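I opened my notebook to look through a structure, one spot at a time. Here is what I looked up, in the order I went.

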Amino acid sequence: MKMTRFQIPQHILWFAAILSLTHCIGCLNVIDKILDSGDETSNGDSVDDGWIITDIPVRKVSVLISESQPVQVTVEVVGYLPDGCTTRHETHQSREGNTVTIRMTMKRSEDKICTKVVTDIREQIYIGTFAPGNYVVMVNDLKKKFRVD
């Protein structure tokens, strides 16, 4: 079987494509982890039994103050989950002086390939009763000041 001069470059291209694909299949996990690393913050990342646990990216924090006595405060948090494999993990809060700190985390299997579908989340978190004064609430990396009269 004789090849024409136009068939030789075509065969070389096919060979290069097949070689690239077989080499790249083993790299997909590495490439996915590199791409995903831009979606997650480096603060507080941990791996627990095959799960990557990290802070939820927070877009907005609102403080809702009731008109009751004593004044009760709820924080509304708007954030998102960066892909189809990531789920809510935990919410922890602490209060020291006039500062309330809330940490919201998400978890994702460290070896899954996932769809890049962003899911918005909205959550209301009751943080307690407050005397008159100036306060700060920190939700992951977002800070919001509020005043109770």
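The entries below go from the core to the aromatic rings, then to a loop residue and the charges over rings.

**Entry: the core.** A reminder to myself that this is a predicted model. I began with the largest nonpolar core, which has 22 residues. Which of them touch the most other members? I found Ile 102, Ile 127, Val 137, Val 139 and Phe 146. Next I checked where the core gets its residues: strands E3 (58-65), E4 (71-81), E6 (99-109), E7 (119-130), E8 (133-139) and E9 (142-148) each supply at least two. E4 gives the most, with 5 residues.

**Entry: Ile 102.** I then listed what Ile 102 touches, leaving out residues up to four places away in sequence. Among its contacts are Val 75, Ile 125, Ile 127, Val 137 and Val 139. The list also includes Thr 91, His 92, Gln 93 and Asn 140.

**Entry: the rings.** How many aromatic pairs does the structure hold? I counted 3. Phe 130 and Tyr 135 have ring centres 4.8 Å apart and planes at 80°, so I logged this pair as edge-to-face. Tyr 135 also pairs with Phe 146, and here the rings are stacked, with 5.4 Å from centre to centre and 20° between the planes. That pair links distant parts of the chain, as Tyr 135 is in strand E8 and Phe 146 in strand E9, 11 residues apart. Together Phe 130, Tyr 135 and Phe 146 form one aromatic cluster.

Tyr 135 is buried at 7%, and Phe 146 is buried with a relative accessible area of 7%.

**Entry: charges over rings.** I looked for charged ends above rings. Arg 95 lies over the face of Phe 130, 3.7 Å from the ring centre. Lys 107 has its charged end over the ring of Trp 51, at 4.6 Å from the centre.

**Entry: Thr 86.** Where is Thr 86? I found it in the loop between E4 and strand E5 (87-96). Thr 86 is buried, at 7% relative accessible area. Its side chain makes a polar contact of 2.8 Å with the side chain of Asp 83.

Terms used: Residues numbered from 1 in each chain as written. Predicted model: local features only at pLDDT ≥ 70, side-chain atom pairs only at ≥ 80, totals over all residues. Heavy atoms only, no water. Core = buried A, V, L, I, M, F, W, Y, C linked by side-chain atoms within 4.5 Å. Buried < 20%, exposed > 50% of the residue type's maximum accessible area, 1.4 Å probe, protein only. Helix = DSSP H or I, 4+ residues; strand = E, 2+ residues; numbered from the N terminus. Contact = heavy atoms within 4.5 Å. Polar contact = N/O pair within 3.5 Å; in protein donor to acceptor, adjacent residues only side chain to side chain. Phe/Tyr/Trp six-rings, centres within 6.5 Å; stacked < 30°, edge-to-face > 60°. Lys NZ or Arg CZ within 6 Å of the ring centre and 35° of its normal.
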